[in-house]
Amino acid sequence: MKIAIGSDHAGFRYKEAIKTFLTGLGHEVIDKGTYAETPSVDYPRFIRPVAEAVAAGDVDRGVVLGGSGNGEAITANRIKGVRCALCWNEESARLGRQHNDANVISLGERMMSEETALKLVHIWLDTPFEGGRHLARIQELDE
């Protein structure tokens, strides 16, 4: 898979760990920044390009990170065609894919351990969309 990734300063450390993890799984990772923990940066500058790449079909999926993941999810979901799931545990990652066909995942570095973040990304990547009754809801989002 081709995966875009982006974070603000508060998500930088996990972004770097997730890049290594994804590359190790054989995925191509496109880093949209930020490229350091300092200085403090405005997250939309780095999250919007990830979401736009997903919406344009330039990448298959996107990963966005920040301190809580909230602002990043809000930013990503402003782009038509993006379904960004803010995930905090295994069930939220699984259901984000199964029921919502989430093509972007948002994680908060201050909300979980690095081990949990990596596990959530792995679950999100490996979980298929169920379709069925959920497909009509996804189509409504895109109308």
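The protein exposes about 7,000 Å², of which carbon and sulfur atoms supply 48%, and this surface belongs to a predicted model rather than to an experimental one. Buried residues make up 50% of the 143 residues. For a chain of 143 residues, a compact globule would have a radius of gyration near 15 Å, and the 14 Å found here agrees with that expectation.

**Overall form and charge**

- Taken along the principal axes, the box filled by the C-alpha atoms comes to roughly 45 × 25 × 25 Å.
- Among the contacts with a separation of 6 or more, 70% are accounted for by residues 24 or more positions apart in the chain.
- The protein carries 17 positive and 21 negative side chains, and the centres of these two sets lie 2 Å apart.
- The fold contains 6 helices and 5 strands, and from the N terminus on these elements run in the order β-α-β-α-β-α-β-α-β-α-α.

- Strand β3 covers residues 61-66, and because 6 of its 6 residues are buried, the strand is largely enclosed by the rest of the structure.
- In a regular strand the side chains alternate between the two faces of the sheet.
- In β3, Arg-61, Val-63 and Leu-65 point one way while Gly-62, Val-64 and Gly-66 point the other way, and the residues of both sets are buried.
- Strand β1, which spans residues 2-7, pairs with β3 in the parallel sense over 5 bridges, and within this pairing Ala-4 stands opposite Gly-62 of β3.
- Strand β5, which spans residues 104-108, also runs parallel to β3 and is joined to it by 5 bridges, with Ile-105 of β5 as the bridge partner of Val-63.

**Ile-105 in strand β5**

- Ile-105, which is found in strand β5, has a relative accessible area of 0% and is therefore buried.
- Once its neighbours within four places in sequence are left aside, Ile-105 is in contact with Gly-62, Val-63 and Val-64, and also with Cys-84, Ala-85, Cys-87, Leu-120 and Trp-124.
- Asp-42 is 63 residues away from Ile-105 along the chain, and the C-alpha atoms of the two are separated by 19 Å.

**Helix α3 and Glu-72**

- Helix α3 covers residues 70-77, and its buried residues are Gly-71, Glu-72, Ala-73, Thr-75 and Ala-76.
- These buried residues of α3 pack against helix α2 (44-56) and against the strands β3, β4 (84-86) and β5.
- Leaving aside neighbours within four places in sequence, Glu-72 is in contact with Asp-8, Tyr-43 and Ile-47, with Val-64, Leu-65, Gly-66 and Gly-67, and with Ser-106.
- The C-alpha atoms of Glu-72 and Leu-107 are separated by 8.3 Å, although the two residues are 35 residues apart along the chain.

**His-134 in helix α6**

- His-134 is found in helix α6, which spans residues 133-142, and at 3% relative accessibility this histidine counts as buried.
- Not counting residues up to four places away in sequence, His-134 touches Gln-98, His-99 and Phe-129.

**Backbone features in the loops**

- A cis peptide bond, with omega at about -10°, joins Gly-33 and Thr-34, and Thr-34 lies in the loop between β2 (28-31) and α2.
- The peptide bond from Thr-38 to Pro-39 is likewise cis, with omega near 0°, and the place of Pro-39 is in the loop between β2 and α2.
- Asp-101 has a positive phi of about 50° although this residue is not a glycine.
- Asp-101 is found in the loop between α4 (90-98) and β5, and its relative accessibility of 18% falls under the 20% limit, so Asp-101 counts as buried.

Definitions and conventions
Residues numbered from 1 in each chain as written. Predicted model: local features only at pLDDT ≥ 70, side-chain atom pairs only at ≥ 80, totals over all residues. Heavy atoms only, no water. Buried < 20%, exposed > 50% of the residue type's maximum accessible area, 1.4 Å probe, protein only. Helix = DSSP H or I, 4+ residues; strand = E, 2+ residues; numbered from the N terminus. Pairing = 2+ DSSP bridges. Rg over C-alpha atoms; globule rule 2.2 N^0.38 Å. Contact = heavy atoms within 4.5 Å. Areas by Shrake-Rupley, 256 points an atom, 1.4 Å probe, with all protein chains shown as cover. Lys, Arg positive; Asp, Glu negative; His and termini not counted. Charge placed at Lys NZ, Arg CZ, Asp CG, Glu CD.
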